[in-house]
Structures are given as structure tokens and as C-alpha cells.
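Dear colleague,

I am handing over the structure we talked about, and it is shown just below. My notes on what was found in it follow.

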Amino acid sequence: MNIKSYVAANPSFKSQVENALLFAEKNLAGLKRSSGRTYYQHALGVAENLAELNFDPLAVISGILHDILEDTKIEKENIQKQFGNEIANIVEGVTKIKKFTSILSDNDRHGENIRKLIIATAKDIRVIFVKLADRLDNLMDLKYLPRDRIIRMANETLDIYAPIAHRLGVYTLKAKLEDYAFMNLEPELFKELSVKINEREAEQQETLNNIVRILRKNLEPLNVYLRISARPKNIYSISRKMKKQNKPFEEIQDILGIRIITDTVESCYSILSKLNDIFQPVTGSFTDYIAHPKPNMYRSIHTTVKIPENHIIEIQIRTEEMHRIASYGIAAHWKYKESSKAGGNKSRDFDEKISWLASIIEWQGSSSSKEFIAGLKTELEFNQVFVFTPEGDIKSLPVGSTPVDFAYKVHTDIGNHCHGAKVNNKMVTLKYNLLNGDTVEILTSKNAHPSQDWLKFVKTPLARTKIKNYDKSKKK
Ligand code: MN
């Protein structure tokens with residue numbers, strides 16, 4: 001969505017958005033990227049990606065300003081004065097994530113820990129969305145960079161950012177990140193596949209039109225609200241299927257997909273029972289994510305049926321609200337709820353929801369809705385911190401851990417001979433409480449030994465045991 005239409009839809013933020021545009025243009029228009037686009041055009045691209053996802057104006061403005069701290073001499077205080085605390089904090093958060101990923105060693109790029117570090121430090125969920133929108137725009141310009149940087153950025157997108165988008169339930173963004181990363185990694189194959197997919201879609205169009213006609217005819221007597229659409233494609237996922245099954249495109253069964261969107265949960269089930277009357281369901285294909293939502297709140301009924309002429313078709317049934325969550329993630333759900341609710345302390349609500357969100361992400365894994373609620377109550381905050389070794393590997397430790405815990409986590413000998421620690425290149429005491437994103441360096445010497453005093457502040461059972469055991473072995 002371009003910024004003009006976004007401003008038209010959010011008129012109360014008109015002057016703020018325009019001020020941000022002027023500010024960014026003044027400070028970024030002179031700087032050029034390898035592609036020839038200016039930094040200002042990139043900033044605009046990021047803001048438009050956010051507008052497209054229908055994010056709130058503060059996120060869009062933060063998108064306009066996201067590179068200001070990194071690329072100009074302007075300080076956070078300046079942004080704070082002109083655009084307020086929230087925007088300044090989001091922009092600072094985005095800058096921080098960039099710092100983390102640049103510390104990260106190549107062998108830790110695939111780690112689950114970096115994804116958690118990003119989510120845990122973001123504090124405001126909009127930081128993550130600005131970062132994802134930033135990455136998406138960068139992928140458009142990637143081909144102008146040296147090959148090794150292209151590969152690194154594309155892989156980082158597939159390993160870190162697309163999975164984050166997936167976990168937050170923003171499937172449209174996830175699919176775009178994957179497709180553009182893939183386009184940069186394997187441009188020839190990408191081109192070939194997009195052409196073939198489009199051809200196949202054209203072929204299938206008639207079949208799809210037919211199915212939609214049959215569906216309408218049969219569902220109209222139910223007299224419920226109805227919206228029927230075909231499912232969007234994800235080129236990357238098809239290429240992965242080809243690799244996994246070791247088959248050419250022609251042999252990949254790309255099942256036709258149809259989505260039926262309606263108004264209420266009851267309508268979903270009456271549509272389902274009608275479908276079961278008219279089509280033959282494929283055995284074992286039915287999944288009810290309405291009764292059992294996915295951890296990221298995805299809800300929908302999935303069923304696969306046989307239709308005339310031997311076609312197999314996957315049908316998803318969901319309400320408009322479920323569809324909003326599936327397309328734009330939980331954030332869209334909140335935004336919708338909030339705008340339909342008068343008054344209320346908006347920013348506090350938002351903070352609460354962020355910790356709530358973090359718990360959902362942290363808690364991923366089980367699937368019954370009962371556990372879902374229990375998980376929400378107990379996992380409201382991350383109980384881990386994520387820190388870097390000087391080599392850029394990530395270690396996770398319980399909240400409240402100290403350099404001594406870190407030392408033992410790296411290696412028993414390092415713990416046993418630890419006599420000091422530096423965090424982010426500054427000396428700290430051994431009692432120091434590690435924070436997310438700290439880079440920790442342990443100073444060792446042959447003559448240093450664990451002290452019983454350490455037992456007063458270490459947090460991990462591992463360090464505790466090693467310190468106690470070391471003492472015993474010395475006595476013997
Ligand atoms: Mn950027």
C-alpha cells in the first residue's frame with residue numbers, strides 16, 4: 001500500500017507521517033545504495049510494507065525512521081523530541097537487532113536462540129515487524145551486492161526472519177520473505193518455477209471456476225455469509241517439495257486449494273457438513289483447528305475432498321476474524337479488537353499483549369487449548385537470557401545468571417580458572433547479572449580457583465555443582 005492511501009485511511013496521523021517523511025528525506029535522500037536507490041527510497045519501501053500489513057501509524061512512522069540512528073549522526077533524543085518515546089524506542093530496538101545479527105557467528109545463524117533473542121529484546125512487537133518489513137525491502141535490492149553477501153542475507157532470511165513471521169502467524173509476510181530470499185539464492189530456478197506455476201494456474205483456472213460454481217450452488221441454500229477464494233501460492237515451498245521428494249515440477253502434486261470464509265463458527269460447521277454431503281472426503285485429511293487452535297492462534301477447518309473429474313481439492317473453512325489472524329497475525333486481531341472498543345489505555349494494553357505474545361511463542365509445542373490457557377498464565381515472561389561468546393555464538397542461561405554461570409556453561413576449565421569478566425568490553429564483577437545481547441568474555445588464569453563465595457550468587461545448578469565438587473576434590 002502506498003503511503004498516500006495509508007494516510008488517507010488514517011487522517012489523524014497525517015501531519016505526523018508527513019513530518020517523518022520530510023525528516024527522512026532531508027537526512028537520507030543524499031545516501032545511495034548499491035542498487036542506485038536512495039536510503040530514503042528504502043525507508044519509504046519499509047513503511048509501505050508495514051502499511052500493506054495494516055499496521056498502526058506509529059509502526060509505519062518507525063518504518064520511515066528505522067535507519068536514522070544507524071546511518072546518520074542523529075541521536076535517539078532527537079527522534080524522541082520530534083516523534084515521541086514510542087517511536088524512538090522502536091527505532092532503537094530495530095538498530096539493536098541489527099547489532100546482534102552482526103555479532104552472530106556463521107555457525108550460529110541457524111539457531112533457535114537468535115530468534116528467541118530477537119523476540120525477547122524487542123519488548124515492543126512492532127520492533128520485530130519493522131525489522132521484517134526492512135528485510136523484505138532489502139531482499140528487493142539484494143542482487144546488486146557481492147554474491148557472498150547475497151547468500152548470507154538470503155539464508156539469514158530463511159533461517160531467522162521467515163520462521164519468526166511464521167511464529168507470529170503472519171503468513172503473507174512469511175511467504176514473501178521466503179520467495180524473495182529464494183529468488184536471490186537461485187534466480188534461474190525461481191524464474192523457471194514462477195513461469196510454470198503461472199501456466200499451471202491458468203490451466204487450472206477453469207477447474208477452479210467450476211468448483212466455485214458447484215460450491216456456490218450447494219452452499220447458497222444455507223443462507224449464510226460466504227466468501228470463496230483460491231489459495232495464494234508460495235514458490236519457495238514448492239521448490240522445497242521438489243528437493244525433498246527429489247521430483248521435477250511436473251510431478252509435484254500441487255493440490256488445488258479453495259478457501260471458504262464465513263461469519264460465525266456455527267456457519268463453519270454447517271458448511272463443513274454440507275461439503276461432506278456433496279463431496280467424498282479423502283480419508284484422514286480432516287483437521288479441525290477451530291476446536292484445537294495452533295499455538296500461534298491459527299484457526300480453520302481443513303478438509304480434502306474428491307470432486308468430479310477426479311480432482312482432489314483442499315478446502316479451508318474459517319470466519320473473517322480467523323482469516324485476519326491467519327493473514328496478518330495476532331497483531332491484526334488486537335488492532336481490530338482495540339478499534340472496536342471505545343476508550344481504554346491503549347499503550348498499556350499493548351505492553352500486556354506483548355508479554356502475552358512472548359509467552360505464546362515461548363510455549364509453542366503442545367496443541368490442546370486447555371494447555372494453551374495454562375501456558376498463558378505461567379509463561380508470561382521469558383525466563384532466559386541470551387548472550388554472546390566473543391566468537392559470536394549464542395548461549396542461553398536462566399534470568400539472573402552471572403559471568404560464572406556463563407563460564408561453566410562454556411567449559412568446566414574456564415569456570416574453574418575464571419578470575420574476572422568483561423561484558424561488552426568493560427570489566428564487570430563476577431556477580432553481574434547478564435542481560436540479553438551481552439557479549440561475555442571470561443578472563444582466566446592457571447592459578448585462579450573457584451571460591452565458595454560464588455555459591456552465594458550463581459544461578460545454574462551446573463555452576464553450583466562444579467564449584468562444590470571442585471572444593472571436595474581439592475580436600476582429597
Ligand atoms: Mn533498513
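This is a predicted model, in which local features need pLDDT of at least 70 and side-chain atom pairs count only at pLDDT 80 or more, while totals for chains, interfaces and linings use all residues. Residues are numbered from 1 along each chain as its sequence is written, and side-chain values use heavy atoms, with hydrogens and water left out.

Among contacts (heavy atoms within 4.5 Å) between residues at least 6 apart in sequence, 65% join residues at least 24 apart.

The metal site may be the place to look next. The protein donors of the manganese ion are His42 (NE2), His66 (NE2), Asp67 (OD) and Asp134 (OD), which lie 2.2 to 2.3 Å from the ion. Donors are N, O and S atoms within 2.8 Å of the metal (3.2 Å for Na, K and Ca), and because water is not among the atoms, sites may look incomplete. Along the chain, the donors of the manganese ion follow the spacing H-x23-H-D-x66-D. His42 lies in helix α3 (residues 39–52) and Asp67 in the loop between α4 (57–65) and α5 (68–71), so this pair ties together parts that are 25 residues apart in sequence. Both residues are covered: His42 is buried at 1% relative accessibility, and Asp67 is buried with a relative accessible area of 10%.

Next, the nonpolar interior. In soluble globular proteins, nonpolar side chains tend to be buried together. A nonpolar core is taken here as a set of buried Ala, Val, Leu, Ile, Met, Phe, Trp, Tyr and Cys residues joined through side-chain atoms within 4.5 Å. The largest such core has 66 residues, and those with the most contacts inside it are Leu65, Ile79 and Leu177. Helix α9 (residues 125–141) gives the largest share of this core, nine residues. Leaving out residues up to four places away in sequence, Leu65 touches Ala20, Phe23, Ile79, Phe83, Ile87 and Val91. A second, separate core of 22 residues includes Leu219, Leu272, Ile290 and Ile313.

Strand β6 (residues 311–319) is mostly covered, with seven of its nine residues buried. Seven bridges join β6 to strand β2 (residues 256–262), and the two run parallel; two strands are said to pair if DSSP finds at least two bridges between them. The partner of Ile260 in β6 is Ile317. Strand β5 (residues 301–307) pairs with β6 in the antiparallel sense, also over seven bridges, and in β6 the partner of Lys306 is Ile312. β5 and β6 form a hairpin with three residues between them, and Glu309 in the turn has a positive phi of about 65 degrees. Thr319, which belongs to β6, is buried with a relative accessible area of 7%, and its contacts, not counting residues up to four places away in sequence, are Ile261, Thr262, Asp263, Thr264, Val265 and Cys268.

Asn416 is found in helix α20 (residues 412–416) and is buried, with a relative accessible area of 9%.

Best wishes

Notes
Helix = DSSP H or I, 4+ residues; strand = E, 2+ residues; numbered from the N terminus. Buried < 20%, exposed > 50% of the residue type's maximum accessible area, 1.4 Å probe, protein only.
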